[in-house]
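This briefing sets out selected features of the structure shown below.

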Amino acid sequence: MTFKSTPDVLLEVDNLHVSFKTFGGEVKAVRGVSFTLREGETLAIVGESGCGKSVTARSMMRLLPEHSASIRQGSIRFKGQELTGLSEKQMRELRGSEISMIFQDAMTALNPTITIGEQIMEGIIRHRKISRAEARKQAIEMLGLVGITSPETRLKQHLHEFSGGMRQRIMIAMAAVCSPSVLIADEPTTALDVTIQAQIIDLFRMLQEKTGVAIIIITHDLGVVANMADRVNVMYAGEIVESGTVDELFRHPQHPYTKGLLASMPRLDTDRSKPLTPIPGTPPDLFAPPRGCAFAARCSNAMEVCGAHAPERTAHSATHSSACWLHDPRAKQVFQPPIASNG
Amino acid sequence: MTRYIVRRFVSMIVTLWLIITITFFLMHAVPGSPFEKDGKGANPTAVQNLMAFYHLDKPLLTQYGLYLKALLSLDLGPSIGHFPDTVNSMIDRGFPVSFQLGMVSIAFAVISGIALGTIAALRHNRLIDYAAMVFAVIGIAVPNFIVATLLIKYVAVDWKLLPVATWGSWKHVILPALALSTGPLALIARMTRANMLEVLTADYIETARAKGLSPATIVIKHALRNAILPVVTLLGALVANVLTGSFVIEKIFAIPGMGKYFVDGINNRDYSLIMGTTVFYSALLVFMMFVVDIAYGLIDPRIKLHKKEG
Ligand SMILES: Nc1ncnc2c1ncn2[C@@H]1O[C@H](COP(=O)(O)OP(=O)(O)OP(=O)(O)O)[C@@H](O)[C@H]1O
Ligand code: SF4
Ligand SMILES: [Mg+2]
């Protein structure tokens, strides 16, 4: 499948299903997600709150709650190796070394009682066979790289001695210090204000240029997507409803949900830290997802077939596809030309 | 940090002074005197001389002043009931015994309590968890003299594993220390478990997992430290509790510790002995609180910031 000219596929997720056992029943949080991540690229996953972005990300590191969550179906291949079947011990070798994760709120995601130097060094020492002194040197270097001034002294400080933006830089340093191939950032800028957000995005880009790390960025914020990503997956109710390059998605959105998201994209003067609530209505209940298109209840273009049958994926280009009956080749024959887009 | 320590030290001295003052005047407000036992006084001239010797014939305020002055040179005065023994020498003899007993109990309570609480939390809602918590409830509810009695009956009398009472070898320490530690142990176990359960759901634990650290490293390095912080605060009060609680245990096991002198002092209206033991224990307690505060600041780096601002 891969051509000589295209970079190698790092991560290949195929038909992933993840469920949670709860008192109310089984929550089908991720329902048939497929995508690939190639070396050195940035892939964004966008969608409303609760659509399964974080669950998808955590599945790739197998960091889901052991007792309640299970990968029901599908495969996750990393550099050709199937991750779903690996033991916890084998996964620990990959975590932080090959695949790293950056969490939303560095204030709670870093340990308040351990120096930040120790928190960075422990990852290096865990994965690379080097001395403490050498690990310290690497930690200092990394802190300098992410823009912390006088890293030698900062190394000995604790979390509360840093500002919000600094904390997120430290978090990034910690995740990147073992030079992983994949960096998963789950809403890394949501907790920050706009100017700091821009700095953090620049930092990601610089890091990628320097190390060639592939990044999966999860966000509510289409502005972040436009600034950072090469390709985008739009998720809705546990499924990817549209995927394409940033250009394709912003210029030629196909799925009604994507169009709705774009239409409600915040301007510069609005608060980006708030989740988007773009389209009237709420996502479906994931205990019993609808039989047909999950978006049907909120879609102004919904047709009869939408409620009865789930739409299949239609390709618009080699890189662009969406799952909507409007674009299904068969639909054009059966129905009248669909109502024009609502975008 | 230095400013904070100095301030805490000053407030420690003030607290002590208040305790001394209140105890002094309360003690003298209680009717009766050391030389009027059983209602019939001794030879009036002898009593006069004795009163003069102990300065008891002077006005109360003068006595108070004299006491404070002696105290500054750490002189707790002669015992009234055990003349010519001084209170200092009685503490010298009794305290090491009580201290040894107390420290063994606390060490045992802290180590086992933290271990038990941690294991219970890691096995949340499993059999070990339930068993540990049932034990903890019993440990808190049952007074230590009952535990002591049971231990003596079974371990010492029936099974003859350890000596019944008195003091001497390490074997004599075990039963009273066990009896004394059940309460604190149970308390520490409960607290550790509750904190641990909370800490284990913290975001930074997930971060640690995302780094590929082993479960053991995560629990010991990232979780335990934060989970036992509140236990450290409790420690000052627990130590005080164990040391004062040891009066009863010392009595049951016939251990020649401080408890014996304290009880004697009260029975005999031995003013200097009552004052001496009270001052000594208060100083110990207040000092323990001080040490715990400093220790807390060392374990939890966030504390320093608060104090600097304050
Ligand atoms: N531990 C859990 N137990 C039960 N259900 C869960 C659990 N974690 C997530 N879910 C469910 O899975 C679904 C997807 O959650 P997820 O956290 O992936 O959403 P998200 O897209 O990351 O949202 P957000 O933007 O708010 O972070 C949600 O509907 C949620 O109810
Ligand atoms: S499949 Fe139907 S309901 Fe779903 S998005 Fe397309 S038009 Fe709307
Ligand atoms: Mg999320």
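From the N terminus on, the elements of chain B follow the order α-α-α-α-α-α-α-α-α-α-α-α-α, with 13 helices and zero strands in that chain. Helices (H or I, at least four residues) and strands (E, at least two) are DSSP runs, numbered from the N terminus. The model is a predicted one, in which local features need pLDDT of at least 70, side-chain atom pairs count only at pLDDT 80 or more, and totals for chains, interfaces and linings use all residues. Residues are numbered from 1 along each chain as its sequence is written, chains are lettered from A and ligands numbered from 1 in the order in which they are written, and side-chain values use heavy atoms, with hydrogens and water left out.

**Chain B overall**

- The C-alpha trace of chain B spans about 85 × 60 × 30 Å along its principal axes.
- Chain B has 310 residues, of which 43% count as buried; buried means under 20% relative accessible area, exposed over 50%, and partly exposed in between (1.4 Å probe, protein chains only).

**Helix α6 of chain B**

- Helix α6 of chain B covers residues 144-158, 15 residues in total.
- From first C-alpha to last, α6(B) reaches 20 Å, close to the 21 Å expected at 1.5 Å a residue; the expected span is 1.5 Å times one less than the number of residues.
- A kink of about 30 degrees in α6(B) is centred on Ile152(B), the bend at a residue being the angle between axes fitted to the seven residues ending there and the seven starting there.
- Ile152(B) is also one of the buried residues of α6(B), together with Val147(B), Ala148(B), Leu151(B), Val155(B) and Ala156(B).
- An α-helix has 3.6 residues a turn, so residues three or four places apart point the same way.
- After α6(B) comes Lys160(B), with a positive phi near 55 degrees.

**Positive phi in loops**

- His55(B) is not a glycine, yet its phi is positive, at about 65 degrees.
- His55(B) is placed in the loop between α2 (44-53) and α3 (60-72) of chain B, and it counts as partly exposed because its relative accessibility is 34%.
- In chain A, Arg62(A) is a residue other than glycine with a positive phi, near 50 degrees.
- The loop that holds Arg62(A) runs between α1 (53-61) and β4 (69-78) of chain A.

- The space taken by ligand 2 is the second largest cavity. A cavity is a set of points, on a 1 Å grid over the protein atoms alone, where a 1.4 Å probe fits but cannot get out; a molecule sits in one if more than half of its atoms lie within 2 Å of its grid points.
- Of the 13 residues around ligand 2, those that come nearest are Cys293(A), Cys299(A), Cys306(A), Cys324(A) and Trp325(A); a residue is near a molecule if one of its heavy atoms lies within 4 Å of it.
- The shell around ligand 2 comprises eleven nonpolar residues, two polar and no charged. Ala, Val, Leu, Ile, Met, Phe, Trp, Tyr, Cys and Pro count as nonpolar, Asp, Glu, Lys and Arg as charged, and the others, Gly among them, as polar.

**Individual residues of chain A**

- Ile216(A) belongs to strand β8 (residues 214-219) and counts as buried because its relative accessibility is 0%.
- Thr108(A) is 108 residues from Ile216(A) in sequence and 21 Å from it in space, C-alpha to C-alpha.
- Met166(A) lies in helix α7 (residues 164-176) and is partly exposed, at 23% relative accessibility.
- Met166(A) and Ala106(A) are 60 residues apart along the chain, and their C-alpha atoms are separated by 9.2 Å.
- Ala302(A) is found in the loop between α11 (256-263) and α12 (304-308), where it is partly exposed with a relative accessible area of 36%.

Technical notes:
On a 1 Å grid over the protein atoms alone, a cavity is a set of points where a 1.4 Å probe fits but cannot get out, and a pocket is an open set with protein on both sides within 12 Å along at least five of seven lines; lining residues have an atom within 4 Å of a point.
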